[in-house]
Amino acid sequence: MATVRKNATEKTVDVLILLFMLFIIFITLYPFVYVFSMSISDPKNVINNSVWLFPKGFSVEAYRKVFDNPDVWRAYYNTLFYTIVGTAVNVTMTMLAAYPLSRKTFFLRNQIMVLIVITMFFSGGLIPTFLLIKNIGLYDTRWALILPAAVGAYFIIIARTFLQSLPESLMESARIDGANDLYILYKIVVPLSMPIIAVLSLFYAVGHWNSYFSAMLYLSDPKLHPMSLYLVKILIQDSDTMVKEMAQDINRTMYSIQIKYALIIVTVLPILFVYPFLQKYFVKGVLIGSLKE
């Protein structure tokens with residue numbers, strides 16, 4: 001193959017693009033590096049605000065106090081429950097809705113799609129939704145964070161667009177062999193839809209993991225609060241409950257500041273580890289689900 005040589009202008013543009021991308025990477029990663037450095041630095045450097053990028057000194061006392069707190073483990077359990085169960089319900093309901101809407105043989109698909117799109121622009125409002133959840137008995141239960149948000153209109157559209165790209169001949173062949181729609185969905189459609197299922201799982205899981213507003217509205221029992229709401233309470237209020245056994249005020253102040261950074265890392269890090277395993281499906285599913293007609 002012949003080597004394509006670039007002129008001076010093209011090389012200059014490439015360098016500028018590279019520098020710009022490095023700048024974007026830096027400003028994106030800096031908050032994470034800074035928070036992590038603050039969480040493991042010496043508490044004296046933390047309270048003096050002398051940490052700018054890399055850690056100064058070393059201390060994991062903040063993490064020890066975070067993991068010694070039973071409220072953190074309870075909030076973590078709640079978050080895992082909401083994320084795993086909620087994502088399973090979300091993906092199942094989305095695929096069950098998207099499959100019939102993607103089939104040309106379903107005569108009401110256009111009318112139902114219009115109703116689904118309308119929900120993206122208009123909602124019942126916060127107070128009516130709260131009254132509804134309370135009247136049907138979901139208030140102050142775990143299902144208050146799962147059932148009301150069982151499916152998203154936007155994700156139905158994405159999944160429907162993806163399923164429309166599947167060959168219709170596969171479904172017709174299965175029907176000739178006597179398969180019904182549930183069998184076709186389970187045995188044919190789902191195995192071919194792993195890219196979009198990965199996309200849906202990632203979006204729904206991140207939404208459940210980071211959600212705190214719904215929990216603040218519908219859960220009055222602190223034992224049911226997720227990690228995100230617990231983090232909000234610690235950041236806005238105080239974390240002295242974790243260091244109340246310390247006698248000296250200066251130590252309490254130092255660790256109360258550092259514990260907040262440690263809690264941010266503990267809350268954010270698990271969901272960041274999920275993305276690399278779903279990245280290839282994520283890119284493929286988003287492109288097909290949003291562009292394929």
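## Basis

Residues are numbered from 1 along each chain as its sequence is written, and side-chain values use heavy atoms, with hydrogens and water left out. Because the model is predicted, local features need pLDDT of at least 70 and side-chain atom pairs count only at pLDDT 80 or more, while totals for chains, interfaces and linings use all residues.

## Overall fold

The protein chain has 13 helices and zero strands (DSSP runs, H or I of at least four residues for helices and E of at least two for strands, numbered from the N terminus). Of its 293 residues, 36% count as buried (under 20% relative accessible area, with exposed over 50% and partly exposed in between; 1.4 Å probe, protein chains only).

Among contacts in the protein chain with a separation of 6 or more, 72% join residues 24 or more positions apart; contact means heavy atoms within 4.5 Å.

## Helices H9 and H10

Helix H9 (residues 181-192) packs against helix H10 (residues 194-210) at an angle of about 75°, with the axes 5 Å apart (lines fitted to C-alpha atoms over the stretch in contact, with angles from 0 to 180 degrees between N-to-C directions). H9 is therefore roughly perpendicular to H10 (65 to 115 degrees; under 35 is roughly parallel, over 145 roughly antiparallel, the rest oblique). Val190, Pro191 and Leu192 of H9 meet Met194, Pro195 and Ile197 of H10.

## Asp140

Asp140 lies in the loop between helix H6 (126-135) and helix H7 (153-163). Its phi is near 65°, a positive value in a residue other than glycine. Most residues other than glycine have a negative phi. Asp140 counts as partly exposed because its relative accessibility is 26%.
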